[in-house]
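Please examine the sequence and the model before reading on.

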Amino acid sequence: LVLDKIVEPNVDTSAWHYFDLSCVARDASNDQCLRDAVEAGARVGAIFKEPTVTPTEEQKQKLGLKKTWGSPNGAMRRGWNGITISRDTIHIEGMELGYKRPVLFERHAVGGEYGAGYKTVGPGRVLTLHIPKDGTNVQVVDERHLEDEANAVVTYHNPLDNVTDLAHHFFSRCLEARVDPYVVTKKTVFKWQEGFWQAMKAVYDTDYRAHFAAAGLLKHTGGELPHLISDAATMQIIRWTSGGFGMAAHNYDGDMLTDEVAQVHRSPGFITSNLIGKADDGR
């Protein structure tokens, strides 16, 4: 109905490609429909995706699926060199929503718990190794001894090469919207998150600090880039209802915090969700 009544009278859709990413369609094609959609999206560079379902074991049985197919979102982010998911509040003149001014958010689109490998194991020794491509200088990443009869052992990683691109995207948008930027991590406890903060801060100090000062932003921090512990961010999102701020966070923290932003702003219907990727030519 929306397509027939609203879109097509105003937009030429003759060049549009359509892909059915329902659980049943993915099952029937052995996920070829998803691979085709990702290929087309990389070629076209502009995609609109309706909500999709990652089936549970119960849904697998109910729908008669061959297996519990993986997240289509993860496949798309990988296929389109996903960097960040921009989730910003939408403001409509005359409507009183949750935030008075815009709230911008960058959620790192890759890494973290979403792609984790795991096993439930008994007592013993767990050893995590890094083996470089050339096979030399093998490093022990972690070693621990398990004593419990049941242990969930989880391994995941966070790619950092694209954080610089995320930082430029984030800071330039905050400048344009004239909002204060905050970088959110739990690096005090999760020491491995330090790299995300350092990459963000390096870009800010080199390319944006003077611009934020000239715009009269971040006066309360003396122009320094503020860092927020993720716990504190959950509280400030509720308190700072005047808006006028942006946050950038890891994948999982960004998932949780943007859901909170949506609730404060009355509904997920009043918040955007845009995946920013990078084409092979650098765009």
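## Basis of the model

Is D165 buried or exposed, or does D165 fall in between? The answer is given under the next heading.

This is a predicted model, in which local features need pLDDT of at least 70 and side-chain atom pairs count only at pLDDT 80 or more, while totals for chains, interfaces and linings use all residues. Residues are numbered from 1 along each chain as its sequence is written, and side-chain values use heavy atoms, with hydrogens and water left out.

## Salt bridges

D165 is partly exposed, at a relative accessible area of 27% (buried means under 20%, exposed over 50%, partly exposed in between, with a 1.4 Å probe and protein chains only). D165 forms a salt bridge with K278, with 3.0 Å between the closest N and O atoms (a side-chain nitrogen of Lys or Arg within 4 Å of a carboxyl oxygen of Asp or Glu). The two residues are 113 residues apart in the chain, and K278 is also partly exposed, at 31%.

A second salt bridge joins D281 and R283, whose closest N and O atoms are 2.7 Å apart. Here D281 is exposed, at 53%, and R283 is exposed too, at 69%. The whole structure contains 17 salt bridges.

Key. Helix = DSSP H or I, 4+ residues; strand = E, 2+ residues; numbered from the N terminus.
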